[in-house]
Amino acid sequence: MTDSQDTLDANSLYRTHVHLVGRWAARLGGPALDLEDTVHEVFAIACARLAGFRGDSTVATWLFGITDKVVRHRRRKERWWRWLSGSADETAGHMPAPGPDPLRTAEQNQTAQSVYRVLDQLADGDRRILILFELEELSADEVGKLLDIKPANARLRLHRARARFVRVYERAFGSSDMHDTKATSARYENVSR
Amino acid sequence: MSAAKEDSRSEPKSERLQQSLAFLHQARAVRGLHTAQVERIERRLRRHSHRPRRLVMVPVVATLGLLVVAGAAFAVAKGGLRSLPIVGPLFAPAASTSDSKPEKNRHPALPKATVDKAAAPVPSALAPAPIQRAPLAALQPTRVIASTLEKTSEPAAHAVRAEGPRPHTLALRDPKASHQPPRMAVAPETPAPLPVGKEENPIVAESRSFASVLEPWHRTHNPGTALALLDAHERRYPSGHMRLESHILRAEIYLAQGREGEVLKVLDAIALSGIPRGRELQTVRGELRIKAGRCADGKRDLGEVLEKSMSDALAKRAAQAIAHCP
């Protein structure tokens, strides 16, 4: 966003895709991620590399690739920080939540955290495909476009990722008493604390 | 029947899948970016179009890289690739790996040598598993002597290495072959000359002199030349610090010539207990003593060998030799 040509392109890129990137980052990173910082980093990289973008893939695929890498990098970093100084929740969990209904936001956050704790036990590829299909509710075609793979391949990966997710889920909660998902996530909260 | 079974299996499976997916779908509610956040990011992007944090690391990494390269170049210029830290030993030739041993670890007269069982070859002809009365002529202690000498003459060999390559191991020489004329008509060289106009440490000088005996012996295996050089060395240092090494070398040369009586005479004059690799030498001496009909002396030597261990190759040889005694 320095010279005029770049400013125009970068500006339009930012305005067109900022909410999409924000949603991807929020989905991929989960509630522990600093969304604003992540989106800023994604667009800083995208703007720096905009001149080198040859249009081999769609802009969305290109941006998704950057977002995925940035989120993975941040998750790795966050794991280190958690190991060194405790999680963000442990450090600043007592601070009031932003938004109009703090209680509701906190509840949603807790639920999402318990889901992401299970998701984080999966490999990056499985985690990504499950998030895109199940949380982002994209079709196989859309996922294929984002990941630059064929839709059939995306469906196959989803099938395998689901099987692995079920295994991880059962390992986390046991296989018998899992009918009430709310109760399950509450139990997971207790266990993980 | 089987279809019913499959149904009953797949039903809980799909039920489990539904439950786990229902759990996963609870995270669908996602917080997006607020308008204020979008504007803040845009402002930040305008301020820092590129990521400046990475640039901070560039000079640091470059400086570190320069230091490493300069250090490596200095090390190479000073002492060759072998002086490089960590990777230096990779460039060392296999035969001279013991060069890195510090001098302080070596006894001036009798260098400390680690007992390397793999490096102490036991003649295969001498090591049949069952103890039986083999003919005494089968006892060939040459290899033990050779490996022992190789180990105990480290300081001398150390001085030689600077001059030329050293054979990896001493070959087992057939005593019969020693009766043949020497392979090379090498004129006996004089032991290494002392540096002119520079007073050398007597131990270093003696080591250098002994190395000048040992090195041609290892290279040519010419007993005549080696004996002549050894005689000259012993004349120069009649009571030197490396007497023991020169005695062992003499024994080895005699063994190569098949002069077992003289080998025994040399070894009889040495107190073998307590010296490095003394156990191997005792095995040789015990075998030779028994072969010479001195069963009591031989048994004493071999008994000491067996005291240390009953199961290794030397112990087997000792037991085999003792079995020849009445």
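Predicted model: local features only at pLDDT ≥ 70, side-chain atom pairs only at ≥ 80, totals over all residues.

Colleague: Which residues in α7(B) meet α8(B)?

Modeller: Residues are numbered from 1 along each chain as its sequence is written, with chains lettered from A and ligands numbered from 1 in the order in which they are written. Two residues are in contact if their C-beta atoms, placed from the backbone, lie within 7 Å, and helices are DSSP runs (H or I, at least four residues) numbered from the N terminus. Facing Ser246(B), Leu249(B), Arg250(B), Ile253(B), Ala256(B) and Gln257(B) of α8(B), the residues in α7(B) are Pro223(B), Ala226(B), Leu227(B), Leu230(B), His233(B) and Glu234(B).

Colleague: Are α7(B) and α8(B) roughly parallel or antiparallel?

Modeller: Their axes, lines fitted to C-alpha atoms over the stretch in contact, come within 10 Å and cross at roughly 155°. Angles run from 0 to 180 degrees between N-to-C directions; under 35 degrees counts as roughly parallel, over 145 as roughly antiparallel, 65 to 115 as roughly perpendicular and the rest as oblique. The pair α7(B) and α8(B) is therefore roughly antiparallel.

Colleague: At what angle do α10(B) and α11(B) pack?

Modeller: These helices cover residues 278-291 and 295-308 of chain B, and their axes are 8 Å apart. They are roughly antiparallel, because of an angle of about 150°.

Colleague: How many charged residues does the contact of α10(B) with α11(B) have?

Modeller: Among the residues of α10(B) that take part are Arg279(B), Arg285(B) and Arg289(B), while α11(B) brings residues including Asp297(B), Asp301(B), Glu304(B) and Lys308(B). Asp, Glu, Lys and Arg count as charged, Ala, Val, Leu, Ile, Met, Phe, Trp, Tyr, Cys and Pro as nonpolar, and the others, Gly among them, as polar. Besides four nonpolar and four polar residues, the contact has seven charged ones.

Colleague: Which helix supplies the largest share of the side of chain A that touches chain B?

Modeller: Here 36 residues of chain A are in contact with 29 of chain B. α1, α2, α5, α6, α8 and α9 of chain A each supply at least two residues of that side. The largest share, eight residues, comes from α2(A).
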